[in-house]
Amino acid sequence: MNDSWSPRTRAILAGRPDAADGQPANVPLVPASALGLDYSREVGTPTWAAFEEAVGALEGGTATAFASGMATVTAVLDLLPAGATIAVPVYSYTGTRGALDHAQKQGKLTVRRIEPTDTAAWITAAGEVDLLWLETPTNPTLDVMDLDAILSAVAQSERRPLTVVDNTFATPLGQQPLALGADLSVHSATKFIGGHSDLLLGVVVAGRDDLATAVREARTRTGATPGTLESWLALRGLRTLGVRLAEASRTAEFLVDRLASHPAVTRVRYPGSGAMVAFELADGDAAERACAKLELIHNATSLGGVETTVERRAHLPGDSHVPAGLLRLSVGLEDSEDLWRDLERALGA
Ligand SMILES: *Cc1c(COP(=O)(O)O)cnc(C)c1O
């Protein structure tokens with residue numbers, strides 16, 4: 001891989017067999033539980049390895065694929081000693097907060113919740129906790145954390161807590177946490193990397209060899225191995241991530257403009273690029289009514305697919321602290337005017 005190539009180019013080329021060798025253009029599906037004396041749960045398979053090589057090339061580290069995004073969370077927690085303290089954003093993925101709350105209830109960990117944009121509180125935490133779990137932009141409120149400031153503070157701290165960035169919303173093309181100084185970057189590849197709402201997969205990228213080995217061992221121990229078909233599909237999805245994101249971002253910017261000037265919309269949250277938009281209506285009822293009236297946009301959970309979806313997150317018990325009227329929009333690849341007409345009709349009535 002040529003160092004001067006942009007991430008978008010790498011996403012197309014990384015993890016391919018060598019064409020000069022007369023190899024197939026794509027890695028084959030290799031469904032195998034063993035390779036000779038080696039067991040796949042421990043050493044992986046060529047299909048997993050191709051996906052891992054591609055993500056690693058994009059984020060500048062060693063990638064390990066897991067069965068899901070949540071399996072990456074569990075694997076990272078498995079690296080910590082009992083009694084460790086973790087700082088996590090108040091607004092962050094429901095499943096991550098759920099896993100941390102569960103571990104705290106069991107007496108395994110102590111959890112400190114911090115407002116994502118309270119950079120001073122994160123910097124203080126850098127001197128007091130064992131792991132900073134960073135997520136930016138956050139799910140579902142799209143808050144942007146000051147990664148630069150927080151990671152620099154960690155680098156200068158004596159305590160040097162482990163730093164993990166959930167990079168799912170930004171994607172490997174939008175943000176490279178390891179280059180900013182994070183120890184680990186994790187993804188739910190279920191979302192934008194896969195991109196077609198047809199798989200569950202996770203991936204952890206480590207910048208240091210000792211951490212990469214620890215993560216690999218955690219996978220072996222927890223057994224949360226990726227599927228063969230899922231790894232293959234996710235690599236296929238990664239090939240078009242650049243063009244999907246560019247188009248979805250363009251449409252998102254267009255919709256953000258329109259939403260911002262609509263009288264029913266009290267607030268629009270958008271980090272400036274990317275396919276995720278959150279906007280707020282007066283209250284939960286107004287948001288539910290709008291969802292019910294949408295025809296083109298699916299009222300569905302999950303995100304990052306080619307189809308535009310909307311969800312009122314506060315209806316979930318784990319997200320009841322999210323503003324009641326907040327709708328999270330995952331912008332897909334439909335015609336932007338069609339999408340706006342659908343939204344306008346649902347909001348206007
Ligand atoms: C979906 C999601 C996860 C969990 O991933 P799964 O693949 O569903 O297990 C983690 N973090 C974020 C930000 C997510 O959106």
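Trainee: Where does V165 sit?
Mentor: V165 belongs to strand β7, residues 162–166. Keep in mind that this is a predicted model.

Trainee: Why is V165 called buried?
Mentor: Buried means under 20% relative accessible area. V165 has 0% relative accessibility, so V165 counts as buried.

Trainee: Which residues does V165 touch, leaving out those up to four places away in sequence?
Mentor: They are L134, L147, Q175, P177, A182, L184, S185 and V186. A contact needs heavy atoms within 4.5 Å.

Trainee: How far apart are V165 and T96?
Mentor: In sequence, 69 residues separate V165 and T96. In space, their C-alpha atoms are 12 Å apart. T96 is one of the buried residues of helix α5.

Trainee: How do you know that the span of α5 agrees with its number of residues?
Mentor: Helix α5 has twelve residues, 94–105. The expected span is 1.5 Å times one less than the number of residues. That gives 16 Å, and the end C-alpha atoms are 16 Å apart, so the two agree.

Trainee: Which residues of α5 are buried?
Mentor: T94, T96, R97, L100 and A103 are. Their cover includes α4 (69–77), β4 (84–89), β5 (109–114) and β6 (131–135).

Trainee: What makes A103 count as buried?
Mentor: A103 lies in helix α5. The limit is under 20%. A103 has a relative accessible area of 9%, so A103 is buried. Beyond residues up to four places away in sequence, A103 touches K108 and L109. A82 is 21 residues from A103 along the chain, and their C-alpha atoms are 9.8 Å apart.

Trainee: What makes S197 stand out?
Mentor: Most residues other than glycine have a negative phi. S197 is not glycine, yet its phi is positive, near 55°. S197 is in the loop between β8 (184–188) and β9 (202–206).

Trainee: Why is S197 called partly exposed?
Mentor: Partly exposed falls between the buried limit, under 20%, and the exposed limit, over 50%. S197 has 47%, so S197 is partly exposed. S302 has 29% relative accessibility, so S302 also counts as partly exposed. The phi of S302 is positive too, near 70°.

Trainee: What kind of peptide bond joins T136 and P137?
Mentor: A cis bond, with omega about -10°. Most peptide bonds are trans. The bond from N139 to P140 is cis as well, with omega near 5°. P137 is in the loop between β6 and α7 (147–156), and P140 is found in the loop between β6 and α7.

Trainee: Which residues are around the ligand?
Mentor: Among them are M70, N139, D166 and K191. The shell has four nonpolar, six polar and two charged residues.

Trainee: How much of the ligand does the protein bury?
Mentor: The ligand alone exposes 380 Å², and the protein buries 93% of that.

Notes: Residues are numbered from 1 along each chain as its sequence is written. This is a predicted model: local features need pLDDT of at least 70, side-chain atom pairs count only at pLDDT 80 or more; totals for chains, interfaces and linings use all residues. Side-chain values use heavy atoms; hydrogens and water are left out. A residue is near a molecule or strand if one of its heavy atoms lies within 4 Å of it. Accessible areas come from the Shrake-Rupley method with a 1.4 Å probe; for residues, only the protein chains shown count as cover. Ala, Val, Leu, Ile, Met, Phe, Trp, Tyr, Cys and Pro count as nonpolar, Asp, Glu, Lys and Arg as charged, and the others, Gly among them, as polar. Helices (H or I, at least four residues) and strands (E, at least two) are DSSP runs, numbered from the N terminus. Buried means under 20% relative accessible area, exposed over 50%, partly exposed in between (1.4 Å probe, protein chains only).
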